[in-house]
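User: Please examine the strand pairing and helix packing of the following model.

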Amino acid sequence: LKFVLATTDPLTGLLSRTGLLGLLPGAAANARRTGQQMCVILIDIIDLSRANTNYGLAYGDELLRVVSAAVLSTVREGDLASRWADDDFVVVGPGDQPDAESIRARIDAKIAASGVTLGKTPVAVRIGVAAGDPGHVTFESLVDTANGNLT
């Protein structure tokens, strides 16, 4: 139970930052063994702090839950999805750099379909992606690249 609490974000049910970092060595080893790249997807909720200010923290928490569900339903089975920071999510998996526009469109559509923003300012996400050979690039450098690619 303590391990689950330490590795899972209690609000979203996704991996916590600590949980993701604990699983990365195994994921990178699997990608190296199969000759695949590792891809990183960084998902940032645009203006979450403004939503919290305008509509309250309970609304912001609901947005985080809706976005996390949208992320989970969008990524491939076996990818590692985590709440990385306050309004950021990181997904890691084997393979080439995915199409950021396609991912953003799917997540934005799921947010809209949830109805969470009805009567409120619409919420959208920014997506940044990166991929590289796990034998030659670090996870941190992939996250930095994805962060630099946020659109």
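User: How many bridges join strand β1 to β3?

Analyst: This is a predicted model, in which local features need pLDDT of at least 70, side-chain atom pairs count only at pLDDT 80 or more, and totals for chains, interfaces and linings use all residues. Residues are numbered from 1 along each chain as its sequence is written, and side-chain values use heavy atoms, with hydrogens and water left out. Strands (E, at least two residues) and helices (H or I, at least four) are DSSP runs numbered from the N terminus, and two strands pair if DSSP finds at least two bridges between them. Strand β1 (residues 38-45) runs antiparallel to β3, and the bridges joining them number 7.

User: Which residue of β3 is the bridge partner of Asp-44?

Analyst: Ala-85 stands opposite a residue of β3, namely Asp-88. The β3 partner of Asp-44 is likewise Asp-88.

User: Why is strand β3 described as largely enclosed by the rest of the structure?

Analyst: Buried means under 20% relative accessible area, exposed over 50%, and partly exposed in between (1.4 Å probe, protein chains only). Strand β3 (residues 88-94) is largely enclosed because its buried residues number 6 of the 7.

User: At roughly what angle do the axes of helix α3 and helix α4 cross?

Analyst: Axes are lines fitted to C-alpha atoms, for helices over the stretch in contact, and angles run from 0 to 180 degrees between N-to-C directions. The axes of α3 (residues 48-55) and α4 (residues 57-74) come within 7 Å, and they cross at roughly 140 degrees.
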